[in-house]
Amino acid sequence: MSITLLLFCILSVMTIGTAFMTIYSRKPMHSAIYMVISFSTISGHYLLLNSQFLALVNLIVYIGAIMILIVFTIMLMNLNKENEVYKPRFTRLGAIVIFAMMCLILIAILINSKPIVGEYVTTGEDYQSIKVLGKVLLNEYMVPFEFASILLLVAMIGAVLLSKKEKLEK
């Protein structure tokens, strides 16, 4: 067993475990911490795939920005035990069963998969370079890139309008 495969297995177990604990944890701050660990292990997967740019973007965007927003939201909501809705044991048991079944399915898919190595034509360009990545994004994929930016802008405006509408109703 190579060191890369061993690291992959360790990171995979940590990612799945912390993702499950994110959902299963009763306290919102604990869920946020588990989510940070899960995002960190996903960055480790990117590093194993020799994709340093995606690993750094994942760390900066997800851990640096989105998780800070989630933590601020949790702090502003001021969640107390008295306000928390009781979850019956049946739903928690169902979550565990579904999680176990999903893990078994993913393991079966991983075992039965046969990766294709070396059949793709390589152009010799290093897409890890930010210069090459910028040229590809802004030349070949300019229209989808702009559509994504417009979609994000519309989502942001929609979120602002929904929050203002809720404030006016109160």
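1. Let me start with a residue in a loop. Asn-50 is partly exposed, with a relative accessible area of 48%. You will find Asn-50 in the loop between H2 and H3. Its backbone deserves a look too: Asn-50 has a positive phi of about 60°, although it is not a glycine. Please keep in mind throughout that this is a predicted model.

2. Now for the overall picture. The chain holds six helices and zero strands, and along the sequence the pattern reads α-α-α-α-α-α. Of its 170 residues, 14% count as buried. The accessible surface of the chain comes to about 13900 Å², and carbon and sulfur atoms make up 74% of that surface. Among contacts with a separation of 6 or more, 59% are between residues 24 or more positions apart.

3. Helix H3 comes next in this note. H3 covers residues 52-77, and at 1.5 Å a residue its 26 residues should span 38 Å; the C-alpha atoms at its ends are 36 Å apart, which agrees. Where does H3 bend? The bend is at Met-67, and it amounts to about 30°.

4. Staying with H3, which of its residues are buried? They are Ala-55, Asn-58, Ile-63, Met-67 and Ile-74. The buried residues of H3 pack against helix H2, which runs over 28-48.

5. Thr-22 is worth a close look in your viewer. Thr-22 sits in helix H1, residues 3-24. With a relative accessible area of 15%, Thr-22 is under the 20% cut-off and so counts as buried. A polar atom of the Thr-22 side chain lies 2.7 Å from the backbone oxygen of Thr-18. Setting aside neighbours within four places in sequence, Thr-22 touches Ser-31, Tyr-34 and Met-35.

6. Ser-25 belongs to the loop between H1 and H2. Is Ser-25 buried or exposed? Ser-25 counts as buried, at 12% relative accessibility. Its side chain reaches the backbone oxygen of Lys-27 at 3.4 Å. Leaving out neighbours within four places, Ser-25 is in contact with His-30, Ser-31 and Tyr-34. Ser-31 and Tyr-34 are also among the contacts of Thr-22.

7. Finally, the aromatic rings. How many aromatic pairs does a search of the whole structure find? The search finds three. In the pair of Phe-20 and Tyr-24, the ring centres are 5.3 Å apart and the planes are at 15°, so the pair is stacked. The two residues are four apart in helix H1, and so about one helical turn separates Phe-20 from Tyr-24. In an α-helix there are 3.6 residues a turn, so residues three or four places apart point the same way.

8. Phe-20 is buried, with a relative accessible area of 18%, whereas Tyr-24 is partly exposed, at 27%.

How values were computed
Residues numbered from 1 in each chain as written. Predicted model: local features only at pLDDT ≥ 70, side-chain atom pairs only at ≥ 80, totals over all residues. Heavy atoms only, no water. Expected span 1.5 Å × (residues − 1). Bend = angle between axes of the 7 residues up to and from the residue. Buried < 20%, exposed > 50% of the residue type's maximum accessible area, 1.4 Å probe, protein only. Contact = heavy atoms within 4.5 Å. Polar contact = N/O pair within 3.5 Å; in protein donor to acceptor, adjacent residues only side chain to side chain. Areas by Shrake-Rupley, 256 points an atom, 1.4 Å probe, with all protein chains shown as cover. Phe/Tyr/Trp six-rings, centres within 6.5 Å; stacked < 30°, edge-to-face > 60°.
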